[in-house]
Amino acid sequence: MERKLFLALTLSATFQCLAQTPEPFEVRRAEPVFEELPELKASEILKPEFLKGSHYAVRDPVPTGSGMNQFTIDSDFGVFEADGNEMLLQRLKEIDAIARLQDVSRTDEFKKSLVAAAKSPLNSARNIARDPAQAISNVPKGIMKFLGRAKETVENVGKGGNDDLGEGSRMKDAIGYSDKKRKIALQMGIDPYSSNTVLQKELDDVAWASWAGGFAFSAATFPISGPMGAALTVTNLNSTVEELLREKSPSELEQINRATFRAMGANASDVERILHGGAFTPTQSTAFAVHLKALKGVANRGAFVKAAAQKSTTEADALFCVYTAALMDQINQKTPIARIVMLRDFPICVAKDGTIIVALQWDYAAWTSGAASFTDEVQKVAGKSGQSAHVSVGLSGEISPRLRQELEKRGMTVQDRLVPGPLK
């Protein structure tokens, strides 16, 4: 009886203790195995000058997924999406450029030039440059092949007869117009081959007034306004890439990039996917080629080209490849890289000193099941080196505290924000 009473009192005290606990027992479980990718806030992660400007405002919710911060931008010219930090910078530059180009179109000088251009015999050349497939549908088939040749080839067309001379002259005019448009875009620090259709319309009009109507355009006349001006005056292009874009036509860029990719071991079909698959613009394929070429002597670069060719279906995919190659180029200058190995579709570098380097264009990385699996595979690569190689992880964006903890617990060196871009 006494034992029963003692047990009852004990249980009663235990239940009272639990009842007084400030939170349910279930809350005090062990830390979850994996993290959920968060929805970030633009107001918390972006520098103020990138959050809102005179012609735009970035919406506060920023979902994260596939390694990208996903931004939505409300602007005076429509709503734009930006998959990733780098694309956000690109879109903000473009919004500013649209505003400046529209300011140009309101000037009396521009309006007079546009009237003069409308009377110009060069209108057919503009149609070819803007929509070559449609504009030359009634032209002999050889023109389609001819359109892809380098500029100097065009200058030799037409020597055999008057008909050819007429077509050759039209093509030279079209190339001249395209050159003008490309150089105006580069003056403004924007990608002349951007997929932004609103920007392309404004560029078309100003380039046409300049080429056919004699309008004297200078980007210096219409400087970037507002607090973000200084941040956007310099393009994020490698100087070699910018020089190639300025001096070479699209067909010349294609020839140069094809030769570059082939020289590093990429097969012909993969190269053609890069050049004509639709994911890479001429600017992006050129930047990708230039950064990989800078990894002179690094083995297996062709494997990265293959993955880029076969897996890239969107502009965001192309940018991942371009800026990952740029990170490799940056790291190679301090820690020479010996070769590239592919884990799944990710390129991993092996330095000459045996260090395994994971360098990726990644906006926000968390300890997810995918990250855990990938980390295991990286450790296996390090183990196979036979010398317990050190692993160094470098990301362009931000690593969650939990991911940093997990990687460092495994003996890895972690660096993030290598390319902070618009982040605070």
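Strands β8 (residues 356–360) and β10 (residues 391–395) run parallel and are joined by five bridges. Within this pairing, I357 faces S392 of β10. The model is a predicted one, and its confidence is taken up below.

**The five-stranded sheet**

β8 and β10 belong to an open sheet of five strands. The strand order is β6-β7-β8-β10-β12, and the pairing is mixed. At the edges sit β6 (337–343) and β12 (413–415), each of which pairs on one side only. On average, neighbouring strands of this sheet are turned by 20° against each other, direction ignored.

| Strands | Sense | Bridges | Residues standing opposite |
|---|---|---|---|
| β1 and β3 (residues 61–65) | antiparallel | three bridges | E39 and P63 |
| β3 and β4 (residues 68–75) | antiparallel | two bridges | T64 and N69 |
| β4 and β5 (residues 78–83) | antiparallel | six bridges | F71 and A82 |

Two hairpins occur here. β3 and β4 form one, with two residues between them. S66 lies in that turn and has a positive phi of about 55°. β4 and β5 form the other, also with two residues between the strands. Strands of a sheet pair through backbone hydrogen bonds, in either the parallel or the antiparallel sense.

**A helix pair**

Helix α4 (residues 85–105) packs against helix α11 (residues 197–213). The angle is about 35°, and the axes are 9 Å apart. The crossing of α4 past α11 is left-handed. From α4, the contact uses E94, A97, I98, L101, Q102 and V104. From α11, it uses V198, L199, E202, L203 and V206. By class, the contact of α4 with α11 has eight nonpolar residues, one polar residue and two charged residues.

**Aromatic pairs**

How many aromatic pairs does a search of the whole structure find? The search finds eight. One of them involves F34 and W367. The ring centres of F34 and W367 are 6.4 Å apart and the planes stand at 40°, so the pair is tilted. Where do the two residues lie? F34 is in the loop between α1 (2–19) and β1 (39–41). W367 is in the loop between β9 (364–365) and α19. The pair therefore ties together parts that are 333 residues apart in sequence.

**Confidence**

The mean pLDDT of the protein is 80. A value of 70 or more is reached by 75% of its residues.

Two stretches call for a careful reading. Over residues 1–28, pLDDT stays under 50. For that stretch the model has two contacts beyond four places in sequence. Over residues 131–167, pLDDT also stays under 50. There the model has 38 contacts beyond four places in sequence.

How values were computed. Residues numbered from 1 in each chain as written. Predicted model: local features only at pLDDT ≥ 70, side-chain atom pairs only at ≥ 80, totals over all residues. Heavy atoms only, no water. Pairing = 2+ DSSP bridges. Helix = DSSP H or I, 4+ residues; strand = E, 2+ residues; numbered from the N terminus. Axes fitted to C-alpha atoms, helices over the stretch in contact; angles between N-to-C directions. pLDDT = per-residue confidence, 0-100. Contact = heavy atoms within 4.5 Å. Left-handed = near helix turned anticlockwise from the far one by under 90°. Nonpolar A, V, L, I, M, F, W, Y, C, P; charged D, E, K, R; others polar. Phe/Tyr/Trp six-rings, centres within 6.5 Å; stacked < 30°, edge-to-face > 60°.
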